[in-house]
Amino acid sequence: MSEAGLLVSTRKGLLIGRSSADRTSWEWSELQRAGWIVDYTMLDARSGKIWCSASHWQWGPRLHYSTDWGESWVEAGTPAFDDGERSVEAIWMIEPGGRDGLLYAGIMPGAMFRSEDDGESWQEMTSLSQHPYRKYWEPGAAGLVIHHIAVDADNPDRVIVGGSATGIYASYDGGQTWEARNSGIVSDHLPPDMQDTAPCVHSLFAHPMQQGRLWQQNHFGQYRSDDDGRNWIKVSDGLPGEFGFPTAIDPTDPDVCYFIPHDSDQARMPYGGELAVFRTRDAGEHWERLDQGLPQSDFFHTVYRHALGQDSCDPLGLYFGSSGGELYGSIDGGDSWSLLREHLAPITAVRAWQLDNSD
Amino acid sequence: MSVEIRMARGLRVHVDVPERVNVDGGTAREALDDLIAIHPPLRRFVLDDAHRLREHVNIYINDELIVDRQELSDAVKAGDKLYILPAVSGGAGTEPERSKVNS
């Protein structure tokens with residue numbers, strides 16, 4: 001029997017939802033890590049650990065894990081700079097590496113760490129922090145952040161990262177060296193001759209089935225790449241606008257992608273207060289508006305960059321949360337949506353999983 | 001010389017330390033270092049990676065807020081009480097910049 005789960009990170013704690021495979025009825029945990037800003041939570045299927053990065057107004061960032069679905073939490077090592085100058089303010093993403101015990105962390109301010117011992121100790125990947133383009137990195141509204149890490153499950157040495165506003169970098173040697181991968185991205189905040197230096201990446205996914213297929217929500221448009229980011233193709237035609245934060249993919253179909261366009265970097269909310277998800281099934285040639293079950297007036301919240309997640313079920317499940325504390329879910333690939341939770345704190349991240357417990 | 005450090009309830013709910021600890025030191029830094037040697041988990045709560053006092057943590061020596069937040073060189077003497085207190089900066093409108101948006 002399989003089980004589905006949801007990790008809903010909020011500005012005031014974490015909720016864990018669990019359901020049978022039909023995903024029609026959810027049982028929710030008590031609020032975990034209450035009082036902490038939970039930036040990101042994910043399940044590492046290799047170890048069964050739920051990793052939770054959180055930070056506190058006064059007491060700084062922390063990284064915890066749970067092996068009992070949130071019943072108890074163990075403090076892991078927390079990434080820390082050792083140069084006597086910088087200090088980790090928040091951990092925006094934790095991502096399993098391609099081999100046992102390897103974890104990556106995306107950090108604010110603008111850095112990436114790796115752990116070889118399943119989170120006990122962390123080392124800064126200075127090869128990225130000292131990239132020649134580092135001098136062009138510029139903090140976005142949320143700060144200078146490496147917030148997306150895409151790891152190749154079949155090739156642990158292939159890692160692709162993105163941030164705000166750092167641009168995208170690819171490594172094929174496990175992070176020893178990095179190549180900027182921003183060609184084709186058009187950024188209003190950069191001079192013409194510097195377009196490939198530090199675009200403002202909002203979200204980034206590498207498709208697990210098709211080598212080289214990347215999807216990106218950028219500050220200035222939606223993009224697809226078919227060659228690991230060597231060239232980016234803008235796919236915004238047919239969408240109501242270019243701005244937005246989250247992206248989701250269908251793990252079984254590289255041509256399927258989901259965006260939630262927002263009205264400009266000034267308003268940062270869905271167009272006209274009408275909440276809608278947009279889906280392509282042909283690699284960005286055409287877009288479908290998916291709004292059945294979603295509020296179509298007076299929705300003035302933001303959907304943050306990590307706040308849209310997908311599972312791996314068939315049909316695909318999609319879940320997203322808003323800065324207004326509403327959680328929506330779809331179990332038909334986005335065709336229809338229902339409100340799963342409301343009155344939560346601003347939702348920072350949503351991640352879903354499916355586990356097969358039949359063994 | 002012996003200095004008594006008192007830790008706020010808002011700190012003790014997160015880390016297992018007593019309310020009062022007697023330490024040695026001639027400056028706030030030395031007293032804090034001695035405290036952290038006794039209770040190592042406190043370090044990351046009070047200090048950042050560069051060993052600076054966290055932005056929203058205050059240290060008082062008796063009834064005076066320390067002046068040197070960078071080096072913590074403020075002098076302490078035997079019998080002083082040193083308070084580690086969270087600033088009241090977690091409310092709306094005074095949030096740290098990074099926390100205004102998670103977008």
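## Strand β9 of chain A and its partners

In this predicted model, β9(A) and strand β10 (residues 111–115) of chain A pair in the antiparallel sense, with 5 bridges between them. The two make a hairpin, and 2 residues separate β9(A) from β10(A). If you want a spot to look at, take A:Y104: its bridge partner in β10(A) is A:R114.

β9(A) also pairs with strand β8 (residues 90–96) of chain A, again antiparallel, through 6 bridges. Here A:I91 stands opposite A:I107 of β9(A). β8(A) and β9(A) form a hairpin too, this time with 6 residues between them. Check A:G101 in that turn: its phi is positive, at about 85°.

How many of the residues of β9 (residues 103–108) of chain A are buried? The count is 6 of 6, so the strand is mostly covered, taking under 20% relative accessible area as the cut-off for buried. A:L103, A:A105 and A:I107 point one way from β9(A), while A:Y104, A:G106 and A:M108 point the other way. Both sets are buried.

Over all chains, the count of aromatic pairs comes to 12. One of them is A:W59 with B:F45, a tilted pair with 6.3 Å centre to centre and 55° between the planes. Why does this pair join two chains? Because A:W59 lies in the loop between β5 (49–56) and β6 (60–66) of chain A, whereas B:F45 belongs to helix α3 (residues 42–46) of chain B.

Are A:W59 and B:F45 buried or exposed? Both are buried. B:F45 has another neighbour from chain A as well: A:R62 lies over the face of its ring, 4.0 Å from the ring centre.

Within chain A, ring pairs tie A:W26, A:W28 and A:Y319 together as a cluster. A:W28 also has a charge over its ring: the charged end of A:R341 sits there, 5.3 Å from the ring centre.

## Cysteines

What about disulfides? Searching the whole structure turns up 0 of them over all chains. For scale, a disulfide here needs the sulfur atoms within 2.5 Å.

A:C257 has a relative accessible area of 0%, so it counts as buried. A:C52 is at 0% relative accessibility too, and therefore buried.

## The sheet in chain B

Over in chain B, 5 strands form an open sheet in the order β2-β1-β5-β3-β4, and the pairing is mixed. Which strands sit at the edges? They are β2 (20–24) and β4 (64–65) of chain B, each of which pairs on one side only.

At the β4(B) end, strand β3 (residues 57–61) of chain B runs antiparallel to β4(B), and 2 bridges join them. B:Y60 stands opposite B:L65 of β4(B) there.

Helix α2 (residues 28–38) of chain B lies across several of these strands: β1 (2–7), β2, β3 and β5 (81–86) of chain B. Relative to β2(B), the helix runs at about 120°.

Conventions:
Residues numbered from 1 in each chain as written. Chains lettered and ligands numbered in written order. Predicted model: local features only at pLDDT ≥ 70, side-chain atom pairs only at ≥ 80, totals over all residues. Heavy atoms only, no water. Buried < 20%, exposed > 50% of the residue type's maximum accessible area, 1.4 Å probe, protein only. Phe/Tyr/Trp six-rings, centres within 6.5 Å; stacked < 30°, edge-to-face > 60°. Helix = DSSP H or I, 4+ residues; strand = E, 2+ residues; numbered from the N terminus. Lys NZ or Arg CZ within 6 Å of the ring centre and 35° of its normal. Pairing = 2+ DSSP bridges. Contact = heavy atoms within 4.5 Å. Axes fitted to C-alpha atoms, helices over the stretch in contact; angles between N-to-C directions.
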